[in-house]
Amino acid sequence: MNKIALMEDDKTVKLSIPRGYYVFAEMSTMSDFNVKMMLRDAQSQKVSFEGERQSKDALPPIRGFYQCDYDETELHIHIEEGIDLDLRVDSTNLYDQNEELAVRTVTAVGRDLADDKYNDFMLHLTIMRCNDL
C-alpha cells in the first residue's frame, strides 16, 4: 500500500491496467469536501472515467465502464480544498489456468487526517481480460 500526502490541489498515481482489458469503476465519498477522480491515459490525458462527489452518504456510488485502449493509466485526484490526506492503493491479481492475468482488482481509499477512518473517498476497479485478446 502507498501512503501519499495530498497537500496540493491534486495528485496523480500510476495504475497498472493492461491495454484491451475491460474496466468496471465504482467511486464514492463520505466527506464534507468535493472529490474529483479521473482515470486517464498518461500520455494523451484522454479521460476514460470521471467521478465527482461531495457527500457524506456513500450511496449511490458513481459507476463507469470502459475498455482500456492505452498503455499507461493514471488515477488523477483533485480536491478543491487544501486538505492533508492519506491515500492507500492496493491490488489483487487472479490468474487463469495458463498463469495469464484474468482479473485484477484495485482499491484506492483516502482519509483526511481528522480521524483514522479510510472512508472519505474510495475507488474500486475490477479489471477483466476480454475474450478477444
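Arg129 is partly exposed, with a relative accessible area of 28%. In this predicted model, Arg129 forms a salt bridge with Asp96, and their closest N and O atoms are 2.8 Å apart. Arg129 lies in the segment after S10 and Asp96 in the loop between S8 and S9, so the pair ties together parts that are 33 residues apart in sequence. Asp96 itself is buried, at a relative accessible area of 14%.

Side chains of opposite charge can pair when their charged atoms come close. A search of the whole structure finds 12 salt bridges. One of them joins the side chains of Glu72 and Lys14, at 3.7 Å from N to O. This pair links distant parts of the chain, with Glu72 in the loop between S6 and S7 and Lys14 in strand S2, 58 residues apart. Glu72 is partly exposed, with a relative accessible area of 36%, whereas Lys14 is exposed, at 53%. Another salt bridge is formed by the side chains of Lys46 and Asp69, with an N to O distance of 2.7 Å. Here Lys46 belongs to the loop between S4 and strand S5 (47–53), and Asp69 to the loop between S6 and S7, 23 residues apart. Lys46 counts as partly exposed at 39% relative accessibility, and Asp69 is partly exposed with a relative accessible area of 39%.

Salt bridges that share partners join Lys14, Arg40, Glu72 and Glu74 into one network. Glu74 is located in strand S7 (residues 73–79). The relative accessibility of Glu74 is 8%, and since buried means under 20%, Glu74 counts as buried. Leaving aside neighbours within four places in sequence, the contacts of Glu74 include Lys14, Arg40, Met38 and Leu39.

The nonpolar residues come next. In soluble globular proteins, nonpolar side chains tend to be buried together. The largest nonpolar core of this model has 29 residues, and Leu39, Phe121, Leu123 and Leu125 have the most contacts inside it. Among the elements that give two or more residues to this core are strand S2 (10–15), strand S4 (35–41), strand S8 (85–95) and strand S10 (121–128). The largest share, four residues, comes from S10. When neighbours within four places in sequence are set aside, Leu125 is in contact with residues including Leu15, Val23, Phe24, Leu39 and Val106.

The structure contains two aromatic pairs. In one of them, the rings of Phe24 and Phe65 have their centres 4.7 Å apart and their planes at 45 degrees, so the pair is tilted. Phe24 lies in strand S3 (residues 22–29) and Phe65 in strand S6 (residues 62–67), so the pair ties together parts that are 41 residues apart in sequence. Phe24 is partly exposed, with a relative accessible area of 38%, and Phe65 is partly exposed at 49%. Ring pairs link Tyr22, Phe24 and Phe65 into a cluster. Elsewhere, Arg111 lies over the face of Tyr118, 5.1 Å from the ring centre.

The chain has a mean pLDDT of 88, and 91% of its residues reach 70 or more. Over residues 1–8, however, the pLDDT is below 50, and this stretch has 23 contacts in the model beyond near neighbours in sequence.

Key: Residues are numbered from 1 along each chain as its sequence is written. This is a predicted model: local features need pLDDT of at least 70, side-chain atom pairs count only at pLDDT 80 or more; totals for chains, interfaces and linings use all residues. Side-chain values use heavy atoms; hydrogens and water are left out. Rings of Phe, Tyr and Trp (its six-membered ring) pair if their centres lie within 6.5 Å; planes under 30 degrees apart count as stacked, over 60 as edge-to-face and the rest as tilted. Buried means under 20% relative accessible area, exposed over 50%, partly exposed in between (1.4 Å probe, protein chains only). A charge sits over a ring if NZ of Lys or CZ of Arg is within 6 Å of the ring centre and within 35 degrees of the ring normal. pLDDT is the predictor's confidence in each residue, from 0 to 100. Contact means heavy atoms within 4.5 Å. A nonpolar core is a set of buried Ala, Val, Leu, Ile, Met, Phe, Trp, Tyr and Cys residues joined through side-chain atoms within 4.5 Å. A salt bridge is a side-chain nitrogen of Lys or Arg within 4 Å of a carboxyl oxygen of Asp or Glu.
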